[in-house]
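Please consult the sequence and the structure shown below while reading.

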Amino acid sequence: MGMLDGKAAVVTGAGSGIGRAIAQALAREGAALSVADIEEGGGQATADAIVRSGGRAQFLRADVSRSEDVRVMIAQAAAAFGRLDILVNNAGLQHVAPIVDYPEDRWNVLIGVMLTGTFLCTRYALPHMIERQWGRVVNVASAHGLVASPFKSAYVAAKHGVVGFTKVAAWEVAGSGVTVNAVCPGYVRTPLVEKQIADQARVHAIPESDVVTRIMLEPHAIKRMIEPDEVAAMVVYLCSDAAGMVTGTALTMDAGWTAR
Ligand code: NAD
C-alpha cells in the first residue's frame, strides 16, 4: 500500500533533475503521474521509467509560461486519471549575469516560467482539488526564494515571488482540504547547476574548477550537494495526510545556508 494510492499528480519540469526524482517518488507511493515538460525527450523518458517500474504515467508536452498550454495540459491530466489531487510546480531554469548586462528576454523567460508558470498551473489545477476537498500544491522555490546571490536577479526575484504566491494561495484555499507549500533547496546536483558552472566562473572571475567549492558550497554549512531524491522525499511528506496542517510555508533543505 502506497501513501498516495488512488491519487493523481502533475509534476512540471519532470523531464530532468529534481522534477524527475519527485515524479518517480510520488509514483512509488502509488500516485498516477502526468509528467509535464517543454522537452519531449526527457519527459517521455521519465514517464517510461515510471511505467517500467510498474507505475502509471503519461507525458504531456507543455510550456508552463503559456496559458493555453497549461489549460490544455491540466485538462488532459485530469481527464486521463479521472481526477487531479497533487500539483508540483517545478519547471525552472537559470541565467547568470550582472543586472546591467542582464538580457531582457532572459528576464522575461525566467519570470514567465518560474513565477507566471506557477500561477497558471495552480490557477487551472485548484478547482479539481477543491471539488474533492483534498489537494496538495508544492512549489519548488529555492534558498534563493529567501536570500539573494549576486548575478541571479531574475531567478531570485522569481523565487521570492513564488514564496509570496505560496502564502496567498495557502490562505485562499484554507479550509478546503488543500494545502500549498514551497520547498527551498540549496544547491542540488542536477543539469541546471552543471550548466551554470562556466557562467559562474566568468562573472566571479575564477577558474571553473573552483566554482563548486568557492561559490556553490560556500553557503552550505554541510559541504556537499543535495541529491534530487532528498528533495523528492520532502515533497512526498508535504503530499501526505500527515502534512495536512502544514500550509503556506517555505520549507528549507539548504544544508544550513539560511541558518547563518
Ligand atoms: P533541470 O534543468 O534539471 O530541470 C528543469 C526542467 O524544467 C527541465 O526538464 C526543463 O525542460 C523544464 N522546463 C524548463 N522550462 C520549461 C517550461 N517553460 N515549461 C515546462 N518545462 C520547462 O533543473 P533542476 O535543477 O532539476 O530544477 C528544477 C527546479 O528546482 C527549478 O525550479 C529550480 O529553480 C529548482 N531548484 C534547483 C536547485 C538546484 O541546485 N538544482 C536548487 C533550488 C531550486
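## The surroundings of the ligand

The shell around the ligand consists of 15 nonpolar, nine polar and four charged residues. The model is a predicted one. In total, 28 residues surround the ligand, and the closest are Ser 16, Asp 37, Tyr 155, Val 188 and Thr 190. The ligand is located in the largest pocket.

Three helices each supply at least two residues of this shell: H1 (17-28), H5 (153-173) and H6 (191-195). Helix H6 provides the largest share, namely three residues.

| Residue | Part of the residue | Ligand atom | Distance |
|---|---|---|---|
| Ile 18 | backbone N or O atom | oxygen | 2.8 Å |
| Val 64 | polar backbone atom | nitrogen | 3.1 Å |
| Lys 159 | side-chain N or O atom | oxygen | 2.9 Å |

How much of the ligand does the protein bury? Taken alone, the ligand exposes 830 Å², and the protein buries 93% of that area.

## Aromatic pairs

A pair of aromatic rings is described by two values, the distance of the centres and the angle of the planes. The model contains three aromatic pairs. One of them joins Phe 119 and Phe 165. Their ring centres are 6.3 Å apart, with 90° between the planes, and the arrangement is edge-to-face, since an angle over 60 degrees counts as such. Phe 119 belongs to helix H4 (residues 104-132) and Phe 165 to helix H5, so this pair ties together parts that are 46 residues apart in sequence.

Notes: Residues numbered from 1 in each chain as written. Predicted model: local features only at pLDDT ≥ 70, side-chain atom pairs only at ≥ 80, totals over all residues. Heavy atoms only, no water. Near = heavy atom within 4 Å. Polar contact = N/O pair within 3.5 Å; in protein donor to acceptor, adjacent residues only side chain to side chain. Areas by Shrake-Rupley, 256 points an atom, 1.4 Å probe, with all protein chains shown as cover. 1 Å grid on protein atoms, 1.4 Å probe; cavity = no way out; pocket = protein on both sides within 12 Å on 5 of 7 lines; lining within 4 Å. Sits in = over half its atoms within 2 Å of the grid points. Helix = DSSP H or I, 4+ residues; strand = E, 2+ residues; numbered from the N terminus. Nonpolar A, V, L, I, M, F, W, Y, C, P; charged D, E, K, R; others polar. Phe/Tyr/Trp six-rings, centres within 6.5 Å; stacked < 30°, edge-to-face > 60°.
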